[in-house]
Amino acid sequence: MSRLTASVAAALAFAAGTAAAQYATIEEAAWVRPDNATRFESDSITKMGEMVRFDVTVGWEDASKRPEGEPVRKVIRYLAKCKEGEVAVASVATFASTGITPKTWGIAPGAWEFEKPEAGSLHARWLKRTCDSPLSW
């Protein structure tokens, strides 16, 4: 199962009541919930050979409605292949209310699963923003 499409499986697991603090996989940790607020970190765009990396910070639209056990915020690092129009999750770091990072997930270099994001999705918008940036040229 690819890392981006696995978000559907993660969504079903969360809907069924799976505790977010118990993320079993990086796919679950990288899932952006509908009640999350995201911030594309344009200063994180870095060209790395044929790939470009970028970060997205994920928090809550309404912090008072954050489910118990969910991280206060997380930072998801993506890799983009602009010519191919593909993106892959590289790592996820979660942050507790104290600011500590209780868990970080990462994909070994070369093991990333790139795929084309669905048109109009958050991933597609982040990919476009990354690849349109002069920092990625």
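## A guided tour of the chain

The strand S2 gives the largest share, three residues, of the lining of the second largest cavity.

The model is a predicted one, in which local features need pLDDT of at least 70 and side-chain atom pairs count only at pLDDT 80 or more, while totals for chains, interfaces and linings use all residues. Residues are numbered from 1 along each chain as its sequence is written, and side-chain values use heavy atoms, with hydrogens and water left out.

**Stop 1: the whole chain.** Display the chain as a cartoon. There are three helices and five strands, where helices (H or I, at least four residues) and strands (E, at least two) are DSSP runs numbered from the N terminus. Followed from the N terminus, the elements run α-α-β-β-β-β-β-α. Of the 137 residues in the chain, 45% are buried; buried means under 20% relative accessible area, exposed over 50%, and partly exposed in between, with a 1.4 Å probe and protein chains only. Among the contacts with a separation of 6 or more, 51% are between residues 24 or more positions apart, a contact being heavy atoms within 4.5 Å.

**Stop 2: the second largest cavity.** Select Tyr 23, Arg 33, Asn 36, Val 58, Gly 59, Trp 60, Glu 70, Pro 71, Val 72, Arg 73 and Lys 74, which line this cavity. On a 1 Å grid over the protein atoms alone, a cavity is a set of points where a 1.4 Å probe fits but cannot get out, and lining residues have an atom within 4 Å of a point. The elements that each give two or more residues to this lining are strand S2 (51-60) and S3. The structure has two cavities of 30 Å³ or more.

**Stop 3: the disulfide.** Which two residues form a disulfide? Select Cys 82 and Cys 131: their sulfur atoms lie 2.0 Å apart, and a disulfide is a pair of cysteine sulfur atoms within 2.5 Å. The pair links distant parts of the chain, 49 residues apart: Cys 82 is in the loop between strand S3 (73-81) and strand S4 (86-95), and Cys 131 is in helix H3 (residues 122-132). The torsion about the S-S bond of Cys 82 and Cys 131 is about -85 degrees, so this disulfide is left-handed. Cys 82 is partly exposed at 27% relative accessibility, whereas Cys 131 is buried at 17%. The structure holds one disulfide.

**Stop 4: Ser 136.** Is Ser 136 buried or exposed? Its relative accessible area is 6%, so Ser 136 is buried. Show the polar contacts of its side chain; a polar contact is a pair of N or O atoms within 3.5 Å, one able to donate a hydrogen and the other to accept it within protein, and residues adjacent in sequence count only if both atoms are side-chain atoms. The side chain of Ser 136 reaches the backbone oxygen of Ser 133 at 2.8 Å, that of Thr 130 at 3.1 Å and that of Cys 131 at 3.2 Å. Beyond its neighbours within four places in sequence, Ser 136 is in contact with Ile 45, Lys 47, Val 52, Thr 130 and Cys 131. Arg 53 is 83 residues away from Ser 136 in sequence, yet their C-alpha atoms are 8.7 Å apart.

**Stop 5: two loops.** Select Glu 84 in the loop between S3 and S4. Glu 84 is partly exposed, at 39% relative accessible area. From its C-alpha atom to that of Lys 116, 32 residues apart along the chain, the distance is 8.0 Å. Finally, select Thr 98, in the loop between S4 and strand S5 (103-106). Thr 98 counts as exposed, at 62% relative accessibility. The C-alpha atoms of Thr 98 and Val 72 are separated by 9.1 Å, with the two residues 26 apart along the chain.

Notes
On a 1 Å grid over the protein atoms alone, a cavity is a set of points where a 1.4 Å probe fits but cannot get out, and a pocket is an open set with protein on both sides within 12 Å along at least five of seven lines; lining residues have an atom within 4 Å of a point. Grid points are joined across faces, edges and corners, and a volume is the space filled by probe spheres set on the points.
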